[in-house]
Amino acid sequence: GYSVHVLPGFVVPALVGIGIDRYGPRWIAVLGALAFGVTYSLLATATGSIANWLLLWLLLGAVGQVVSITLWCAAVSAVFSASRGVALTIVMLGTAIAASGAPLLSNWLIEHYGFRTALVAIGAGLGGSVALLAWFGLRVVPRPRRHDAKDPAVSRASGADAPGLTVRQGLRSPFFSKLLVLMVLTSAAAST
């Protein structure tokens, strides 16, 4: 299951990034959380067949990419300009908190209600909670894209002419290549 779970990581993150740029983190978070909650709940329908199990994990992996750290970092980066590193660190503490508390909740639900009910409760509860919090808490307006501003005055006021690299320039830059290698190596170390 875990091996299949990571396969969507080759495609889905790029689509998530495009969605965040186009619609902002709020919509992606709401829809992604709801989809993740439903998909997680679907694990309760596991039949024992290998094909069913792999399909469920593939779906969960794809939807899990939507509500990954990319989304939350984009939301923080859109709001914070000062102390952005501290804000990102605090947001990433969510992973440690969840990893500490979720097993306790899972075990309690399984002991009292069975694993199928636990999966549905966790999926619906967490997916719904995150969707509600994102809807009411992420009021981040996406920055205008460079080609959206027709009037030069609007363009200057909106920051559409802000310095920076195009996507093509960024992907070809040595800095991006170094970041990519660092991410691959640190992820490999964390996965072993």
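Helix α3 (residues 25–42) packs against helix α4 (residues 50–66) at an angle of about 160°, and their axes lie 8 Å apart. Here an axis is a line fitted to C-alpha atoms, for helices over the stretch in contact, and angles run from 0 to 180 degrees between N-to-C directions. The helices α3 and α4 are therefore roughly antiparallel to each other, a term used for angles over 145 degrees. Their crossing is left-handed, that is, the near helix is turned anticlockwise from the far one by less than a right angle.

This is a predicted model, in which local features need pLDDT of at least 70, side-chain atom pairs count only at pLDDT 80 or more, and totals for chains, interfaces and linings use all residues. Residues are numbered from 1 along each chain as its sequence is written, and side-chain values use heavy atoms, with hydrogens and water left out.

On the α3 side, the residues that meet α4 are Ile 28, Gly 32, Ala 35, Phe 36, Thr 39, Tyr 40 and Leu 42. Their partners in α4 are Leu 56, Leu 59, Leu 60, Val 63, Gly 64 and Val 66, where contact means heavy atoms within 4.5 Å. By class, this contact of α3 with α4 has ten nonpolar, three polar and no charged residues; Ala, Val, Leu, Ile, Met, Phe, Trp, Tyr, Cys and Pro count as nonpolar, Asp, Glu, Lys and Arg as charged, and the others, Gly among them, as polar.

Helix α4 also meets α2. The axes of α2 and α4 come within 8 Å and cross at roughly 35°, and this crossing is right-handed. Val 12, Pro 13 and Val 16 in α2 meet Ala 62, Gln 65 and Val 66 in α4. The contact of α2 with α4 has five nonpolar, one polar and no charged residues.

Next comes helix α5 (residues 69–79), in which Leu 71, Cys 73, Ala 75 and Val 76 are buried, meaning under 20% relative accessible area with a 1.4 Å probe, protein chains only. The cover over these buried residues includes α2 (12–23), α3, α4 and α6 (84–113).

For the protein chain as a whole, the secondary structure comes to ten helices and zero strands; helices are DSSP runs of H or I with at least four residues, and strands are runs of E with at least two. Of its 192 residues, 28% count as buried. Residues 24 or more positions apart account for 67% of the contacts with a separation of 6 or more. The chain exposes about 12900 Å², of which carbon and sulfur atoms supply 72%.

Conventions. Parallel < 35°, antiparallel > 145°, perpendicular 65-115°, else oblique. Buried < 20%, exposed > 50% of the residue type's maximum accessible area, 1.4 Å probe, protein only. Areas by Shrake-Rupley, 256 points an atom, 1.4 Å probe, with all protein chains shown as cover.
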